[in-house]
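Hello,

Here is the structure I promised to pass on.

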Amino acid sequence: MSGAAPSIAQAVSCLDGYDPDALRVDRARAAIHACLAPVAEMETVPVRDALGRVLAQDIVPGIDVPGHDNSAMDGWAVQSGDLSSSEEVFLQEVGRALAGRPYSGRVDAGHCVRVMTGAMMPPGADTVVVQEVCRAEGTRVAVPPGQKAGQNVRAAGEDLKAGVPVLHPGRRLRAAELGLIASLGIGEVRVRRRLRVALFSTGDELASIGTALKPGEVYDSNRYTLRGMLQRLGVEIADLGVVRDDPALLEAAFRSAAASADAIVTTGGVSVGEADYTRALMAKLGEVLFWKIAMRPGRPMAFGRVGGAFLFGLPGNPVAVMVTFYQFVREALLRLGGQSDALEPPLLAAASAQPIRKVAGRTEYQRGVVYRDGEGWKVRTTGQQGSGVLRSMSEANCFIVLEHERGAVKAGEPVQVQLFEGLV
Ligand code: AMP
Ligand code: MG
């Protein structure tokens, strides 16, 4: 462990309600956040390649967007002083302006200029009357009463103002931000470098795809789930494969992962039966806390640091892997990558279509299907909720989040859900 970094134990010890053997979900989240330090290195990338990257600079417009007052509609640009509130007026059309082709003259009293959407407002005009309400007879244009001064004009700088910062470091760039930066004529941006995440699964029972299953073996599915979840976050992935439950092999895997990664995500080896020797190994390699989290699924979990990398030791059960990833790892990795506004997935309300068994004292993440019927948004469970039933994740479109204090749920009661869309 690097000497400068604060110890994980120190960082979590001052948290209220920190109990590693019965850790509430919110406390585990707080403990993780108290320890994270985002990657510092940056690079410059073309805006067209910057989707999902984390901005490392302020974006300060050098120009107004739009750069000039322009028409929001097809119609005629007029002086509002010429218009009447009670009767039709006739104006003389003196020219036209298209987007990118301004009218070279002025609009004087009694005159109008034919304009198309995006055309620069001709000097003198302050209002646009839409073509649908006007009547043109040659170059004489009849404008009905009741127009509002200034209508249908987009003001210079109404989108972005020169000199007023619009994006700040820590912002994850989505399609809207790429367009916004491009609208300023900026072609390259400074971003944090991508996070490097190493992963491996542990277990003597794991077979790799391509080999025949021996009795008692299962195919290593977690690594595929994990890869998919990590790919969604846009991190660089180093896949170290399956590692047997053998201290020497595990040690080698951790050392190799820690040598280049910012974070290591593993599955298996943290359950009660296995934690003891993982614990001994970790004491040698870094500083890792073993938690029993008051949640279902996903009770055992390890968190800490190995060398320069943060370690997330997830349980082996396939559903528990996904639940702990989404509740703890996703947001932690986003923050490590420098995103300052990373939040846990939002909670929305839906009515439970059925009673759900639940005991107070742990947070449950049941797999659910949100749907809409004549009465509104409802949610039902996917049925069998065992932490080995990965099909439940595949059939679900949300987690039903049953809070720590909550007891059994009655049919019709509102519950909180976290939608998978955009997440899983
Ligand atoms: P563990 O946390 O290592 O005790 O594993 C708990 C359960 O998850 C066991 O039934 C394992 O066989 C299963 N499991 C562990 N790792 C994987 C994996 N990589 N892929 C699929 N199932 C796994
Ligand atoms: Mg195992």
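The side chain of Ser271 places an N or O atom 3.0 Å from an oxygen atom of ligand 1, a polar contact (a pair of N or O atoms within 3.5 Å). On the nitrogen side of the ligand, a polar side-chain atom of Asp220 is 2.7 Å from a nitrogen atom of ligand 1, and a polar backbone atom of Ser221 lies 3.1 Å from a nitrogen atom of ligand 1. The protein buries 78% of the 480 Å² that ligand 1 exposes when taken alone (Shrake-Rupley areas, 1.4 Å probe).

Please keep in mind that this is a predicted model: local features need pLDDT of at least 70 and side-chain atom pairs pLDDT 80 or more, while totals for chains, interfaces and linings use all residues. Side-chain values use heavy atoms, without hydrogens or water, residues are numbered from 1 along each chain as its sequence is written, and chains are lettered from A and ligands numbered from 1 in the order written.

Around ligand 1 there are 15 residues, counted when a heavy atom lies within 4 Å; Glu205, Asp220, Ser271, Glu274 and Gly316 are the closest. This shell comprises nine polar, three charged and three nonpolar residues, with Gly counted as polar and Cys as nonpolar.

Now the cysteines. There are zero disulfides (cysteine sulfur pairs within 2.5 Å). For Cys14, the nearest cysteine sulfur is that of Cys35, 9.1 Å away. Cys14 is exposed at 61% relative accessible area (exposed is over 50%, buried under 20%, partly exposed in between; 1.4 Å probe, protein chains only). Cys134 has its nearest cysteine sulfur, that of Cys112, at 7.9 Å, and Cys134 is buried at 12%.

Best wishes

Note on methods:
A polar contact is a pair of N or O atoms within 3.5 Å; within protein, one must be able to donate a hydrogen and the other to accept it, and residues adjacent in sequence count only if both atoms are side-chain atoms.
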